[in-house]
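Keep the 3D view open as you read.

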Amino acid sequence: MDEITSPVDLGSTAGLLNPAAVGYARSALHRPVVPSGLRGGWRTKRWEYWGIMTPDLVLGMTIAHLDYASTLQLYVLERGTGKETAAEPLKLLPTYADVSVSDELPPLTAFGSFGGSTLRFHDADGGTRLSASSSRISADLFAEADGDVLGVVVPWSANRYQYTLKDVARRVSGTVAVDGREYKIGGEESFAVLDRGRGRWPYSRRWNWGVGSGTVDGTRLGLQFGGKWTAGTPATENALIVDGHLHHYDGELEFAYDLADPASPWRVTGPWIDATLTPFHRRVAATNAVVIRAQTWQAFGTWTGTARTPNGTEYPLDGLTGWVEEARNRW
């Protein structure tokens with residue numbers, strides 16, 4: 001897969017994929033303007049997802065515009081007790097007055113407010129400020145931008161394609177409060193993950209996604225890998241990040257897991273990686289809103305195993321934390 005090193009438009013004014021955009025990049029070089037509505041068959045998707053993992057909690061925040069719907073997601077897992085707290089409003093047409101997801105990137109600006117929840121993401125001062133509030137959850141965080149990212153375009157066809165940007169090992173600091181209990185966020189064991197999406201999707205799609213981050217023997221490592229949804233295309237979203245430098249890998253990976261057993265490990269293997277996540281918690285989330293049907297099995301846990309850079313340097317992954325998932329979406 002070719003590396004893109006200069007800014008490029010994702011699509012044309014007619015909404016068709018720009019062939020020059022197919023590849024991967026180490027920074028946000030794609031200009032992801034994609035026409036919405038009937039011109040795209042109501043298939044245009046825009047989202048910004050942030051996942052935060054610390055020794056105390058896991059936080060998920062999403063602002064999304066799906067052509068015919070807006071969604072906000074706000075979720076906290078308190079690791080000490082296993083308690084989940086979530087607010088996941090969904091709004092269908094006709095209005096998006098309270099949801100804004102920018103196409104001109106960077107800098108990022110995204111905002112959403114309805115159903116009692118308000119989220120705001122915005123690039124500033126060498127990172128991204130993340131704020132969220134609901135009746136039970138509030139967050140005020142700063143995710144530093146201090147290394148390579150992975151931007152990838154998945155070309156299913158001229159009219160169905162996806163730009164995704166993954167930034168998986170960002171240092172994060174700030175505060176999160178759940179039902180009045182405040183958590184201080186920071187340190188080497190806390191990290192933020194950005195999952196950005198822009199494109200035109202087929203109606204039904206299934207995927208795996210996994211991430212990990214941590215410091216092993218003084219080296220800060222990040223894992224990013226995906227599967228199933230890129231099969232049959234030249235695209236892959238697989239990478240190892242070493243002290244902020246990204247190594248991208250072609251070729252599909254193998255995911256092995258048992259959805260019927262929440263405590264069972266998830267294993268990811270390929271020519272450059274052999275990694276196993278042992279879960280400390282699994283979340284199953286489902287949406288059934290007539291036009292949108294989705295189900296996600298997401299395991300949070302600790303990684304073991306090894307990964308190699310293209311020059312053969314091997315890194316132990318033992319002690320990295322993160323998550324891995326299977327999702328099935330009709331949207």
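The model you are looking at is predicted, and a search of the whole structure turns up 22 salt bridges. One of the pairs is Asp 9 with Arg 31, whose closest N and O atoms lie 2.7 Å apart. This pair ties together distant parts of the chain: Asp 9 belongs to strand β1 (residues 8–9) and Arg 31 to strand β3 (residues 30–31), 22 residues apart. Arg 31, too, counts as partly exposed, because its relative accessibility is 35%.

Now turn to Lys 166. Which residue does Lys 166 form a salt bridge with? The partner is Asp 195, and here the closest N and O atoms are 3.3 Å apart. Again the link joins distant parts of the chain, with Lys 166 in strand β15 (residues 161–178) and Asp 195 in strand β17 (residues 191–200), 29 residues apart. Are these two partners buried or exposed? Buried means under 20% relative accessible area. Lys 166 has 5%, so Lys 166 is buried, and Asp 195 counts as buried because its value is 10%.

Next, look at Asp 167 and Arg 170, whose side chains meet in a salt bridge at 3.3 Å, N to O. Both of these residues are buried as well. Finally, salt bridges can share partners: in this way Arg 46, Glu 48, Asp 103, Arg 196 and Arg 198 are joined into one network.

Conventions
Residues are numbered from 1 along each chain as its sequence is written. This is a predicted model: local features need pLDDT of at least 70, side-chain atom pairs count only at pLDDT 80 or more; totals for chains, interfaces and linings use all residues. Side-chain values use heavy atoms; hydrogens and water are left out. A salt bridge is a side-chain nitrogen of Lys or Arg within 4 Å of a carboxyl oxygen of Asp or Glu. Helices (H or I, at least four residues) and strands (E, at least two) are DSSP runs, numbered from the N terminus. Buried means under 20% relative accessible area, exposed over 50%, partly exposed in between (1.4 Å probe, protein chains only).
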